[in-house]
Amino acid sequence: MTIRRDRRWMVEHLRDPYVRQARQEGYRTRASYKLVELDEREHLFKTGQVVLDLGAAPGGWSQYARRAVGTAGRVVAIDRLPLAGLEGVDILECDLRETAVVENRLQTLGIAPGGVGLVLSDMAPNITGDPSVDQAKMLELGMCALELARDWLAPGGAFLFKFFQGSEFPVMRAALARDFARVKLLKPRASRARSAELYFLARNRRMV
Ligand SMILES: C[S@@+](CC[C@H](N)C(=O)[O-])C[C@H]1O[C@@H](n2cnc3c(N)ncnc32)[C@H](O)[C@@H]1O
């Protein structure tokens with residue numbers, strides 16, 4: 001059963017046009033094309049912006065972000081897993097649930113709270129297969145990403161992040177709506193139809 005599933009995954013992977021395109025264009029992951037499409041639709045990036053990429057390994061989103069902000073911009077890629085060096089990208093290896101550690105390391109890089117134009121999160125927990133456990137883990141990651149976005153985004157900044165549909169989805173949506181006046185749900189074509197993943201795009205942070 002597992003062998004059959006593995007083989008099916010391999011066949012699908014080899015036939016996937018985004019996998020081929022990523023190889024041709026030098027992106028580390030097919031996931032880059034989710035961000036490419038969302039940027040085309042939503043105009044996420046601006047030249048010269050500071051971008052935080054949460055859950056960045058192996059680096060496909062950071063590669064695109066680097067190209068999109070240009071040499072005047074800055075990209076910080078954060079993951080608990082090691083990430084091979086990327087030209088022009090600052091890499092922080094840390095667990096994003098340790099918010100204080102992350103904030104400290106951002107300050108060491110000279111990035112100031114309120115100075116970030118775009119926070120991205122493609123973070124996903126290790127899936128256990130138990131929906132209630134997986135949803136709880138996703139909510140924990142989503143809340144940590146939201147806390148960082150709240151503290152580090154500039155007025156007018158945007159926050160794009162992945163969430164899986166399930167029992168905690170309305171909880172995450174309500175938390176976002178408390179902090180941002182505009183919240184949208186997006187499903188890029190490069191995201192497989194059978195995947196429960198969706199992307200929230202939040203803009204217009206409410207100032208307290
Ligand atoms: C789907 S991958 C991201 C792919 C990436 N956007 C790309 O294009 O290369 C999700 C990442 O989230 C990271 N992640 C999950 N939980 C994390 C945590 N608590 N702290 C930091 N990174 C985490 C994983 O290590 C994994 O590398």
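1. Where is His43 found? In this predicted model, His43 belongs to the loop between α3 and β1. Its phi is near 50 degrees, a positive value in a residue other than glycine. With 9 other C-beta atoms within 10 Å, His43 is classed as exposed, because the limit for that class is 12 or fewer.

2. Asn204 is not a glycine, yet it has a positive phi of about 60 degrees. Asn204 is placed in strand β7, which covers residues 197-205. It is partly exposed, since 14 other C-beta atoms lie within 10 Å.

3. The sheet may be described next. Seven strands make up an open sheet, and their order is β3-β2-β1-β4-β5-β7-β6, with mixed pairing. The strands at the edges are β3 (89-93) and β6 (180-186), each of which pairs on one side only. From one strand to the next, the twist averages 15 degrees.

4. Within this sheet, β4 and strand β5 (residues 153-164) run parallel and are joined by five bridges. Val116 stands opposite Leu153 of β5.

5. Strand β2 (residues 74-79) contains Val75. Is Val75 buried or exposed? Val75 counts as buried because 27 C-beta neighbours lie inside 10 Å, whereas the class requires 20 or more. Residues up to four places away in sequence aside, Val75 touches Val51, Asp53, Ser62, Ala65, Arg66, Val69, Gly88 and Val89. The C-alpha atom of Val75 is separated by 14 Å from that of Phe159, which is 84 residues away along the chain.

6. As general background, nonpolar side chains in soluble globular proteins tend to be buried together.

7. Which residues is Val119 in contact with, leaving aside its neighbours within four places in sequence? They are Leu52, Leu54, Leu148, Ala149, Trp152, Leu153 and Phe159.

8. The packing of two helices can be described in some detail. Helix α3 (residues 32-42) packs with helix α4 (residues 60-69) at an angle of about 40 degrees, and their axes are 8 Å apart. On the α3 side, the contact involves Ser32, Leu35, Val36 and Asp39; on the α4 side, Gly60, Trp61, Gln63, Tyr64 and Ala68 take part. By class, this contact has five nonpolar, three polar and one charged residues.

9. The loop between β1 (50-54) and α4 holds Pro58. The peptide bond leading from Ala57 to Pro58 is cis, with omega near 5 degrees.

10. What are the closest residues around the ligand? Of the 22 residues that surround the ligand, the closest are Ala31, Gly55, Ala57, Gly60 and Asp122. The shell around the ligand divides into eleven nonpolar, five polar and six charged residues.

11. Finally, Gly110 is found in the loop between α5 (99-108) and β4 (116-121). Gly110 counts as exposed because it has 9 C-beta neighbours inside 10 Å. Its C-alpha atom and that of Phe180, 70 residues apart along the chain, are separated by 26 Å.

Methods
Residues numbered from 1 in each chain as written. Predicted model: local features only at pLDDT ≥ 70, side-chain atom pairs only at ≥ 80, totals over all residues. Near = placed C-beta within 6 Å. Nonpolar A, V, L, I, M, F, W, Y, C, P; charged D, E, K, R; others polar. Axes fitted to C-alpha atoms, helices over the stretch in contact; angles between N-to-C directions. Helix = DSSP H or I, 4+ residues; strand = E, 2+ residues; numbered from the N terminus. Contact = placed C-beta atoms within 7 Å. Pairing = 2+ DSSP bridges.
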